[in-house]
Amino acid sequence: MIREDFKEILRLVRPGSRVLDVGCGEGVLLDLLTREKQVDGRGLEISAAGVAACMSRGLSVVQGDADQDLDHFPDRTFDYAVLSQTLQATRRPRHVLDELLRIADRAVVSFPNFGHWRVRWSLLHRGRMPETEALPLPWWATPNIHLCTLADFLALTEDLGVRIDACAAFAGNGPARQIDPTKAIENWRAESCLFLLSRNPPPAMAEPPAPSGDLFDG
Amino acid sequence: MAELDFAGPVLTEGGTWRFPPHQPLRLDSGAQLENLEIAYRTWGELNADGTNAILICHALTGDQHVAGTHPISGKPGWWTRLVGPGRPIDPAKHFIICSNVVGGCMGSTGPASINPATGKAYGLTFPVITIADMVRGQAMLVEALGVDTLLAVVGGSMGGMQVQQWAADYPDKLFSAVIVASASRHSAQNIAFHEVGRQAIMADPDWKAGAYAEGKSRPEKGLAVARMAAHITYLSEPALQRKFGRELQRDGLSWGFDADFQVESYLRHQGASFVDRFDANSYLYITRAMDYFDLAAAHGGVLAQAFAGARHVRFCVLSFTSDWLYPTAENRHIVRALTAAGCRAAFVEIESDKGHDAFLLDEPVMDAALQGFLGSVERERGLSR
């Protein structure tokens with residue numbers, strides 16, 4: 001049984017590409033990508049047990065964390081950097097996102113949407129921190145320290161000059177639904193969302209890397 | 001044991017390989033070693049494609065007897081956990097090579113060997129050697145054994161330094177590399193502990209400025225003290241405490257300087273048994289080689305540069321939480337350099353309270369990690385059925 005967000009990532013990633021999975025756990029996604037898409041996959045994982053499991057699958061995974069260890073990768077080492085349900089648990093999400101798009105041409109980022117109606121309902125009606133399918137743990141046990149809504153994330157991508165190439169929403173165990181993330185209703189409906197991001201303009205058309213928006217910078 | 005000619009690479013279970021005449025080993029110091037001999041052992045057979053050879057590099061006081069039974073101590077080889085039938089490195093699948101380092105004392109040319117120019121033991125006239133010199137000798141041996149590319153080169157501690165040196169100097173001869181509990185350079189503390197050991201040897205009157213070979217006695221006391229000091233660095237404080245605590249050898253204190261405490265008795269035993277199998281001058285030379293090791297220094301001070309030619313090599317780096325001799329930070333430093341160089345690296349820090357020695361001991365997670373890594377390397381190399 002393949003997770004719905006993994007199915008979506010499998011669909012998005014081009015065969016034979018170089019992929020870094022940040023927070024790859026026991027390597028389930030990397031294994032899938034290697035077998036189904038023949039990618040050249042690498043992983044970064046914080047837990048020793050996860051890395052050991054990856055090694056026994058034959059995956060090249062380094063023990064480390066997204067906050068510190070992305071800095072050591074050279075620019076554009078990968079075609080894709082995947083950060084699945086991890087951004088909200090990093091200490092410096094903005095930096096991490098920036099780094100993902102430095103070391104890879106495209107980033108696949110998914111996170112639980114704090115703007116989902118159940119979350120809002122829990123806060124508004126019960127005055128309690130939400131415990132939902134996407135956010136199952138109580139506030140005192142959750143690793144999530146930087147939760148955001150879909151709208152918050154959009155604002156960050158704009159701020160970083162990042163382009164959105166695709167966006168999908170998930171609710172319950174249902175399949176991915178392609179959405180227009182700028183529509184306000186999606187911020188209510190999406191329990192979690194997944195973005196395919198690239199630098200603006202996309203790297204395929206811009207060699208060498210494009211200058212930033214500032215005329216005097218670059 | 002059989003001897004090998006340069007011309008005829010015969011696969012035997014080992015022996016002593018002699019460098020071809022008039023082909024000295026050129027050393028980093030600028031000196032040359034004539035008539036070099038390298039003692040080695042092999043297990044298994046090289047396959048028809050020549051793709052299943054694994055070189056194992058030994059640590060400071062290790063030797064070529066990585067598996068099987070040690071001819072002097074009668075004990076099992078030093079890495080039988082990992083090397084042997086049904087183990088991650090298996091003679092049924094792999095052609096396994098392990099050689100005694102240049103400067104060693106288990107059959108390879110070292111300070112205890114006879115200098116052909118004088119007919120006497122080298123002693124301190126033996127040239128100072130480096131990790132790169134050791135690897136240069138190994139590369140010649142591997143070639144003489146008919147091996148073009150190594151499926152893996154594997155080593156812990158000083159063995160891991162040799163693995164890094166292989167990746168820097170002979171990347172095209174490597175398919176994968178395993179570095180366990182090692183460092184890319186010796187720290188001040190590493191050098192300091194080695195210096196204590198060397199001073200202990202040199203303070204022994206029987207050392208005789210290294211020329212003890214002609215005399216009747218060897219600097220056994222000094223070498224034993226060197227081993228005792230070093231042995232503490234291979235363990236961890238919690239492991240020592242758990243094993244010995246303040247337990248006494250006998251009931252009550254001796255009110256003297258006998259080995260009252262079990263930990264004293266243990267260390268004395270470690271020292272005394274070590275001198276039976278190790279040469280004091282070899283200890284000086286090999287510790288020096290480790291102190292001189294600084295892989296980045298030879299590559300513009302940038303470690304990643306050392307690995308620039310090894311992008312096709314698959315690396316596996318392992319460290320242990322309680323290893324304070326070559327701590328995780330040093331191993332992670334290697335991993336970051338590999339990452340920066342664009343190499344494919346796997347790295348995990350293994351939970352253990354056994355200190356640096358953990359790499360030689362019962363660590364199932366290490367076994368599993370290595371089994372998994374080598375298994376995937378074999379698949380990629382087209383070896384697995």
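Chain A contains eight helices and eight strands, where helices (H or I, at least four residues) and strands (E, at least two) are DSSP runs numbered from the N terminus. The radius of gyration of chain A, taken over C-alpha atoms, is 17 Å, close to the 17 Å that the globule rule gives for 218 residues, so the chain is as compact as a globular protein of that length; the rule is 2.2 Å times the number of residues to the power 0.38. The model is predicted: local features need pLDDT of at least 70 and side-chain atom pairs count only at pLDDT 80 or more, whereas totals for chains, interfaces and linings use all residues. Residues are numbered from 1 along each chain as its sequence is written, with chains lettered from A and ligands numbered from 1 in the order in which they are written.

The C-alpha trace of chain A spans about 50 × 50 × 30 Å along its principal axes. Of the 218 residues, 40% count as buried, that is, with 20 or more other C-beta atoms, placed from the backbone, within 10 Å of their own.

Strand S5(A), residues 104-112, has eight of its nine residues buried and is therefore largely enclosed by the rest of the structure. Pairing of two strands requires at least two DSSP bridges between them. Strand S4(A), residues 78-84, runs parallel to S5(A) and is joined to S5(A) by six bridges; Tyr80(A) stands opposite Arg106(A) of S5(A). Strand S8(A), residues 192-199, runs antiparallel to S5(A), with seven bridges between these strands, and Phe195(A) in S8(A) is the bridge partner of Val109(A).

Technical notes: A residue is buried if 20 or more other C-beta atoms lie within 10 Å of its own, exposed if 12 or fewer, and partly exposed in between; C-beta atoms are placed from the backbone.
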